Amino acid sequence: MRLRRARRAAAAGWRTPAGRRALAGRATLAGATAVLFALWLAAGSPPSLRGPGTGTRGGVLFSVPLEAKAVALTFDDGPSENLTPAVLDLLKRYSARATFFPIGRELERHPELARRALEEGHEIGCHTYSHVYLGGRGEARLKAELDRCDEVFPRTLGIRPDLFRFPGLSYSDALVRLVSGRGYAVVSCSLDSYDWRIKDARQLARRVTSLVRPGDIVLMHDGDWLDRNRQLEALDLILKTLQQQGYEFLTVSELVRRGLGEALERGSGE
Ligand SMILES: [Zn+2]
């Protein structure tokens, strides 16, 4: 059911300016990418698009300019009893750190899973309380979601996250300003795994491992609605393949700091 909803939201995104910005990244490319994306949705074949953007634009972080082989894997929509413990086990096996964007509502149901993630060195961001697609909604709804998260995250985890990701990557400039004003860094992604769309684990893993670049923020999910076996097989393949290629797996904040370190080093070398 959620898969259908996600698909509908992705398709609907192209019909609204905010959705296009979120999904295609740039207004200048929106026309061409919209056509590509629509063709892909219709054909059911793997898309050539990597994700909604790169670098930082309009107050949103998509990826970090980086020479070192490091990426940030991110998991939205958890915590899920079905998936999150196994995802954490896999990350541990590969000494990988990641960033989780749990939904406040699910966090209240399984706070122990998010606490385990924190204890094992992962980062927690906020993905709203009820996973509402905000692009077409008013600021009042977003404020209510943030207020609720301000209560739930500190109560369950003892922390107030620094990072925020919009459900469905659906937002407007005004909503980004609102979230930033509440002290969050808004994170999108530069490589969407399409794990909500691709049914075959090997195809899913291949999409990520063939398109990935240093500094990427990779969007994945650990919600209840996903196919557990496919997610875990794909994640195992992604971690194994990229580690063999020399990639390191960092949290989003670590990736940002690594990028800053490289920039400072380049500056001092001049
Ligand atoms: Zn989500």
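The axes of helix α9 (residues 201–211) and helix α10 (residues 228–244) come within 8 Å of each other and cross at roughly 35°; axes are lines fitted to C-alpha atoms, for helices over the stretch in contact, and angles run from 0 to 180 degrees between N-to-C directions. The crossing is right-handed, that is, the near helix is turned clockwise from the far one by less than a right angle. Residues A201, R202, L204, A205, V208 and T209 of α9 meet R230, E233, A234, L237, I238, T241 and L242 of α10. By class, this contact has 8 nonpolar, 2 polar and 3 charged residues.

The model is predicted: local features need pLDDT of at least 70, side-chain atom pairs count only at pLDDT 80 or more, and totals for chains, interfaces and linings use all residues. Residues are numbered from 1 along each chain as its sequence is written.

The secondary structure comes to 11 helices and 10 strands, taken as DSSP runs (helices H or I, at least four residues; strands E, at least two) and numbered from the N terminus. Of the 270 residues in the protein, 47% are buried (20 or more other C-beta atoms within 10 Å of the residue's own, with C-beta atoms placed from the backbone).

K69 is found in the loop between β2 (60–61) and β3 (70–76). K69 counts as partly exposed because it has 15 C-beta neighbours inside 10 Å. Leaving aside neighbours within four places in sequence, K69 is in contact (C-beta atoms within 7 Å) with P214, Q245, G246, Y247 and E248. The C-alpha atoms of K69 and Q243 are separated by 9.6 Å, although the two residues are 174 residues apart along the chain.

Definitions and conventions. Buried ≥ 20, exposed ≤ 12 C-beta atoms within 10 Å, placed from the backbone. Contact = placed C-beta atoms within 7 Å. Nonpolar A, V, L, I, M, F, W, Y, C, P; charged D, E, K, R; others polar.
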